[in-house]
Amino acid sequence: MPRRVLWNDPRMNDLARLVTATSLPPSVRISEGRSALPRIDVSSAAARAEIYFQGAHVAAWQPAAIREPVLWMSERSHFEAGKPIRGGVPICFPWFGAHPANPAAPAHGFARVRDWRLIDVREDRDGVVALDLELAGEGLSPEWPHRFTAIHRIEVGPTLRMTLEVRNDGDGAFTFEEALHTYFDIADVRGVSVSGLEGCAYLDTMAGGQRVGPSGAPVRFTGETDRVYLETRDACVIDDPGKQRVITVGKRGSDATVVWNPWVAKALAMPDFGDHEWTGMLCVETGNVNVHTRTLQPGKSHAMTAIIEVRELNR
Ligand code: TA6
């Protein structure tokens, strides 16, 4: 059976294992990303994006009508097989944060450090490109040995729409956490606010996970901030006067929103994070974490969607 030649460079042909989609529209090509980590490049009339096979990781996204990139990426990020990428949209699955029983297990689960397979790509007449990537198996981790299929559907257009669908392929129920850990590119976190969470209690990681009542006001940043907002299905709005834009983070199938900025000390402590980069990024993460875990019976599925839109002011 002759190998399908997907691209001219024969070195890339061993990537055929990662691409089972039968055809790629002209707006989509497979490339050697940073440090030769295989990447899917999307460039259509509607938007451009970069997606790494590792972690089905959206590393960049910019609508055609928007002046600057929307997602943040550390200049110090690793781009090495098996190491998390610091920026864009890491997929946290099947647990969030450190594993409760095995601190040596990969933080935020194994999904973001494994190669996903590109199984389908479509472009509509408006230039919106939909890509389906799949991670499936059983026993991928001793901490979570279940048989499952995960499909990450990424729709690249004037809106970035990402849907993580998990299916239980096994014979018994399983429970998991999940998050689309989105890093946003902002002018200065000290001048940004996040609305949409005013009525939500949150777990304050900086206070040992203590539950803190609703603040009644938009979130503002004066120090390291690491909060899991509970029982929230509402959109969040990031107001960034420095970039004269407003980013809306809508969602479906998610009951928790995580807000994170490492500030000075934690930025210094992370080797894959520039010492002074903390001012230019903010995470607003769409998830089901902590008390909002999901349990699936055999054969059942659950989908969680993040919907990201940008509006530039004075345009
Ligand atoms: O986003 C919340 C958080 O859990 C923080 O506590 C911080 O650890 C961040 O995720 C980054 O995690 P990572 O494993 O990517 O360094």
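**Strands and ligand surroundings in a predicted model**

Val291 is located in the loop that connects β21 (281-288) with β22 (294-296). The structure described here is a predicted model. Val291 is classed as exposed, because its relative accessibility is 55%, above the 50% cut-off for that class. Between Val291 and Tyr202 there are 89 residues of sequence separation, while their C-alpha atoms are 11 Å apart in space.

Strand β14 (residues 202-204) is joined to β17 by three bridges in the antiparallel sense, and Tyr202 is placed opposite Tyr229 of β17. Strand β17 (residues 225-229) is mostly covered, with five of its five residues buried. This cover extends to both faces of β17: Thr225, Arg227 and Tyr229 are buried on one side, and Asp226 and Val228 are buried on the other. Strand β17 also pairs with strand β20 (residues 256-261), again in the antiparallel sense, over five bridges. In this second pairing, Tyr229 has Thr257 of β20 as its bridge partner.

Strand β20 is in turn connected to β21 by five bridges, and these two strands run antiparallel. Within that pairing, Trp260 stands opposite Cys283 of β21. Strand β21 is largely enclosed by the rest of the structure, because eight of its eight residues are buried. Strand β11 is antiparallel to β21 and is joined to it by three bridges, with Leu180 opposite Thr286. Strand β12 likewise pairs with β21 in the antiparallel sense over three bridges, and here Phe184 is opposite Leu282.

The loop between β11 (178-180) and β12 (183-185) contains His181. This residue counts as buried because its relative accessible area is 6%, which is under the 20% limit. The side chain of His181 forms a polar contact with that of Glu285, at 3.3 Å. Beyond its neighbours within four places in sequence, His181 is in contact with residues including Gly88, Val89, Pro90, Cys92 and Phe96. The contacts of His181 also include His108, Trp260, Cys283 and Glu285.

His181 and Glu285 are likewise among the residues that surround the ligand. The surrounding residues also include Arg86, Phe96, Ala107, His108 and Arg112, together with Asp226, Val258, Trp260 and Lys266. For Arg86, a polar side-chain atom lies 2.9 Å from an oxygen atom of the ligand. In the case of His108, an N or O atom of the side chain is 3.0 Å from a ligand oxygen atom. A polar side-chain atom of Arg112 is found 2.9 Å from an oxygen atom of the ligand. On its own the ligand has 390 Å² of accessible area, of which the protein covers 82%.

A further sheet is open and consists of four strands in the order β1-β2-β3-β4, with antiparallel pairing. Its edge strands are β1 (28-32) and β4 (57-63), each of which pairs on one side only. Neighbouring strands of this sheet are turned against each other by 20 degrees on average, direction ignored. Strand β1 runs antiparallel to strand β2 (residues 38-43), to which five bridges join it. Across this pairing, Arg29 is positioned opposite Asp41 of β2.

Methods
Residues are numbered from 1 along each chain as its sequence is written. This is a predicted model: local features need pLDDT of at least 70, side-chain atom pairs count only at pLDDT 80 or more; totals for chains, interfaces and linings use all residues. Side-chain values use heavy atoms; hydrogens and water are left out. Buried means under 20% relative accessible area, exposed over 50%, partly exposed in between (1.4 Å probe, protein chains only). Two strands pair if DSSP finds at least two bridges between them. Axes are lines fitted to C-alpha atoms, for helices over the stretch in contact, and angles run from 0 to 180 degrees between N-to-C directions. A residue is near a molecule or strand if one of its heavy atoms lies within 4 Å of it. A polar contact is a pair of N or O atoms within 3.5 Å; within protein, one must be able to donate a hydrogen and the other to accept it, and residues adjacent in sequence count only if both atoms are side-chain atoms. Accessible areas come from the Shrake-Rupley method with a 1.4 Å probe; for residues, only the protein chains shown count as cover. Contact means heavy atoms within 4.5 Å.
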